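Subject: Structure handover

Hi,

Here is the structure I promised to pass on to you. Have a look at it first, and then read on for my notes on what turned up.

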Amino acid sequence: MKPEETIDYHFKVCWHAISRMYNTEAVKNDMTTSIGFVLLNIDQQKGTPATKIAPLLGLEARSLTRILKSMEEKDFIYKLSDPHDKRLVRIFLTEKGLQKKEVAKQTVKLFNNKVRDVIPQKDLDVFFKVCERIQGMIENKEMF
């Protein structure tokens, strides 16, 4: 079987193209795609528990730790212990982090709008349904 005949090949190639495109834009703003996605998942008012971010993005905790350290060094975020549960660390955005979050948000919106301008909604609906079914099969251990 040729790679282009497999289903996963198309997901992988497409995601890598999207990721490279996002990284090209992110670098212009002293970010990475991963940093942008983390920024988009931090609640501006309440902060977000560090333990909740990794699962939202499908990351390993170790990877997230490195990303958060980099974000702290860049002054995008700061950490505070939760006043009600000292074991919990909440991540908050700095003013600079809020600005970078807006850049990430606009970049994602632009990408989505351009795709929606070219690909009909009915085709996107089928794509989303297929993605959900494949993900469900994997989560339900129907593959291996």
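How much space lies in the largest pocket? The answer is about 1000 Å³.

Before the details, a word on the ground rules. This is a predicted model, where local features need pLDDT of at least 70 and side-chain atom pairs count only at pLDDT 80 or more, while totals for chains, interfaces and linings use all residues. Residues are numbered from 1 along each chain as its sequence is written, and side-chain values use heavy atoms, with hydrogens and water left out.

**The pockets**

A pocket here is an open set of points on a 1 Å grid over the protein atoms alone, where a 1.4 Å probe fits and protein lies on both sides within 12 Å along at least five of seven lines; its lining residues have an atom within 4 Å of a point. Volume is the space filled by probe spheres set on the points, and grid points are joined across faces, edges and corners.

Back to the largest pocket, with its volume of about 1000 Å³. Its lining counts 27 residues, and those closest to the centre are W15, I18, F111, F127 and C131. At least two lining residues come from each of α1, α2, α3 (50-57), α5 (95-118) and α6. Helices are DSSP runs of H or I with at least four residues, strands are runs of E with at least two, and both are numbered from the N terminus. With nine residues, α1 provides the largest share of this lining. By class, the lining has 17 nonpolar, seven polar and three charged residues. In this scheme Ala, Val, Leu, Ile, Met, Phe, Trp, Tyr, Cys and Pro are nonpolar, Asp, Glu, Lys and Arg are charged, and the others, Gly among them, are polar.

The second largest pocket has a volume of about 320 Å³.

**The cysteines**

No disulfides turn up: a search of the whole structure finds zero, taking a disulfide as a pair of cysteine sulfur atoms within 2.5 Å. For C14, the closest cysteine sulfur is that of C131, and at 9.3 Å it is too far for a bond. C14 counts as partly exposed, because its relative accessibility is 43%; the classes are buried under 20% relative accessible area, exposed over 50% and partly exposed in between, with a 1.4 Å probe and protein chains only.

**Salt bridges**

The structure holds six salt bridges, each a side-chain nitrogen of Lys or Arg within 4 Å of a carboxyl oxygen of Asp or Glu. Three of them are worth a click:

- E25 and K28 pair at 2.9 Å, N to O; E25 is partly exposed at 33%, whereas K28 is exposed at 58%.
- E72 and K79 pair at 3.5 Å, N to O; E72 is partly exposed at 36%, and K79 is partly exposed at 37%.
- R87 and D85 pair at 3.0 Å, N to O; R87 is exposed at 73%, while D85 is partly exposed at 23%.

**Backbone**

Most residues other than glycine have a negative phi. Which loop holds D30? D30 is found between α1 (7-27) and α2 (33-40), and this residue has a positive phi of about 60 degrees although it is not a glycine. D30 is partly exposed, with 40% relative accessibility. K141 also has a positive phi, near 55 degrees. K141 sits in the segment after α6 (121-139) and is exposed, with a relative accessible area of 68%.

**Annotation**

Finally, the record: an unreviewed UniProt entry carries the annotation "domain: HTH marR-type" for residues 1-136. UniProt positions are in the numbering used here, feature names are shortened, and annotations may be inferred rather than shown by experiment. In the model, that span is 66% helix and 9% strand, and its end C-alpha atoms lie 25 Å apart.

Happy browsing!
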